[in-house]
Amino acid sequence: MAEVEKVVSGFAFADGPVFSRLGFLLFTDPPRNRIYRYIAGRPLEVFRENSNGAGGISFDRQGRLLLCERDRVTRREKDGTITVLAEEVAPNDVVHSIDGSSYFTAESGVYQITRQGRVRLVVSDPVKPNGIALSANQQILYVASTVGSRMRRY
């Protein structure tokens with residue numbers, strides 16, 4: 001059996017962990033308005049202050065960070081600037097697809113941001129969708145719902 005090791009603590013609400021192929025872990029603390037970077041064997045560092053309440057995060061294929069902020073979905077470009085991808089949606093979690101689009105959950109459903117930047121509702125049936133993931137072959141979209149403790153696949 002694997003041993004469990006606490007690596008960091010003391011957060012109001014740790015959320016959205018995502019591992020970078022560059023060898024570090026990012027996670028958010030929405031109430032404290034921060035994103036942290038964890039590298040094993042090093043002190044924890046603040047990656048971004050004033051994160052606009054970012055919760056769910058993911059990387060796109062180019063290594064840019066996608067963020068579900070309080071009232072919008074954004075992308076942190078390689079030069080550090082922020083590009084708004086979707087506004088006024090209250091997003092919760094996000095996943096990037098191999099086809100270049102991204103999917104995110106919001107209280108009103110599951111949305112897709114196409115490669116062309118269009119935002120469209122793709123699923124409206126889950127009540128309060130939360131976590132989201134794609135299968136390894138990118139053919140199945142999994143959505144966790146906070147109401148009813150359900151996991152759905154599309």
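Reader: In β3, which residue is the bridge partner of T28?
Author: This is a predicted model, where local features need pLDDT of at least 70, side-chain atom pairs count only at pLDDT 80 or more, and totals for chains, interfaces and linings use all residues. Residues are numbered from 1 along each chain as its sequence is written, and side-chain values use heavy atoms, with hydrogens and water left out. Strands are DSSP runs of E, at least two residues, numbered from the N terminus. In β3, T28 has as its bridge partner I35.

Reader: Over how many bridges do β2 and β3 pair?
Author: Pairing requires at least two DSSP bridges between two strands. β2 covers residues 25-29 and β3 covers residues 34-38. Their antiparallel pairing runs over five bridges.

Reader: How many helices and strands does the protein have?
Author: Helices are DSSP runs of H or I, at least four residues. By that count, the protein has zero helices and 15 strands.

Reader: What is the radius of gyration of the protein?
Author: The radius is taken over C-alpha atoms, and the globule rule is 2.2 Å times the number of residues to the power 0.38. For 154 residues the rule gives 15 Å. The protein is close to that, so it is as compact as a globular protein of that length, at 15 Å.
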